Amino acid sequence: MNIARRSLLSGAAIAGFSIPAKAFENNKLQAAIDKAVESGGVVQLPAGRFTTAGLKISGPVHLQGVAGQTELVSLSGGPVLEIDAAAHVTVSGIGFVGKTVPSTDELTQGALVIARDAKNLTIEACSFSGSPFTGLKLEGCSGRISGNNFFELGDFGLFALDSTGLIISENTVSDIGNNGILVWRSDVGSDGTQVIGNRVSNIRADAGGNGQNGNGINIYRAGDVMTANNRVSDTAFSSIRYNSGSNAQIIGNSVARAGEVSLYVEFAFQRAVIANNSIDGAGVGISITNLDVGGRLACCTGNLIRNIQHGSTAEAGEAIGIWAEADTLVNNNVLEDIGDVGIRLGWGDKSRNLTAQGNIIRKTKRGIVISVTAGTGNILVAGNMIDGAETSAIQGFDFNTAVAGEAFPPHVMLANNMISR
């Protein structure tokens, strides 16, 4: 440990290096890292702002700065640090700062810090800022990313691909150009990442699109991912968006002001639990859809949803509290101030094995909309309380067309619902 520190500080204190001596600073720091890797030691950086580029870590080491006071600034706009095929690496207390440069494909695909095939990686109490690209990119990594600050980044805050046992916890992610936290896989499969207790806010969709950008937390193709106890607010599209990821758990999150669907489970997912979340403001509260491509099997319970009005994106469409299509329980939720529909069960012939029981729905145009299109599966609507539905409390729809009358086809059962004006 002492050898690594002496090698870094020998000749002159690093804090005394002048900014023009870029190559000298970088060589000194890389040499210190290499020595520490040999002995499994610690490289301690003093407070200060140091311009560097392309630092490498290839083995166990602890790179430690003074939190809030040590900054490594990108010389070229590219990566400041890369970790390759190394185990037991810890990076703590360092601010990684980017540089505004013309975009190239290499820079766009990169990040301020990149880790590949790193096992038992720990990155904590660091910050990532000032880059038009991504803050932290992980590929095939396990470990813990905790207590970091990601802000003023042009593309993504944190991007984790093909993880092998990752915890992303208690980070702050704000003022991001396209997506806050992404957990993706190259192919559909189990991932197991836990995204817990993060604060995510002010996520734009600078690159455009119809939902691939503008999300606070985005899970794609990754199964067995838990997203719990996060605070997500002010996103251009979704607060939390799962696409083709099965065994999803979206539990106990507090989310607000989503431009489109707040909690979105879509495309070829199977098995999702959406429970005990608080949603305040969105174009749609919760959407569990896409039976047409195999999306099915969910429990949506105990959620509190309010202030659902027409969203700020063109894709937002109807203001709906909860929308489900197949093999799904929509039970024991509370919904209030919903612009169009409290709960929508099915969409045309995309409807099968749906229940809405024990829900409270207040102040909406239509309380519960049920698909009565020919060929739909069974639907049970029982024990709900609907208060103040302006147009209808419970109504059948054939796609977008309201079906007049109170009689429902045999596949629909209504029981013990309480309706008040």
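**Exercise 1.** Find which residues are linked with Arg-306 in a network of salt bridges.

Step 1: a salt bridge is a side-chain nitrogen of Lys or Arg within 4 Å of a carboxyl oxygen of Asp or Glu. Step 2: by that rule, Asp-280, Arg-306, Glu-336, Arg-362 and Asp-387 form a linked network. The model is predicted, so to speak of local features needs pLDDT of at least 70, side-chain atom pairs count only at pLDDT 80 or more, and totals for chains, interfaces and linings use all residues. Numbering runs from 1 along each chain as its sequence is written, and side-chain values use heavy atoms, leaving out hydrogens and water.

**Exercise 2.** Work out where Arg-306 and Glu-336 lie.

Step 1: their side chains meet in a salt bridge, 3.9 Å from N to O. Step 2: Arg-306 sits in strand β32 (residues 304-308) and Glu-336 in strand β35 (residues 334-345), so the pair ties together parts 30 residues apart in sequence. Strands here are DSSP runs (E, at least two residues), numbered from the N terminus.

**Exercise 3.** Decide whether Arg-306 is buried, partly exposed or exposed.

Step 1: buried means under 20% relative accessible area, exposed over 50%, and partly exposed in between (1.4 Å probe, protein chains only). Step 2: Arg-306 has 29% relative accessibility, so this residue counts as partly exposed. Glu-336, at 22%, is partly exposed too.

**Exercise 4.** Find the distance between the closest N and O atoms of Arg-362 and Asp-387.

Step 1: these atoms are 3.4 Å apart, in a salt bridge. Step 2: Arg-362 belongs to strand β37 (residues 360-371) and Asp-387 to strand β39 (residues 385-398), 25 residues apart.

Key: Helix = DSSP H or I, 4+ residues; strand = E, 2+ residues; numbered from the N terminus.
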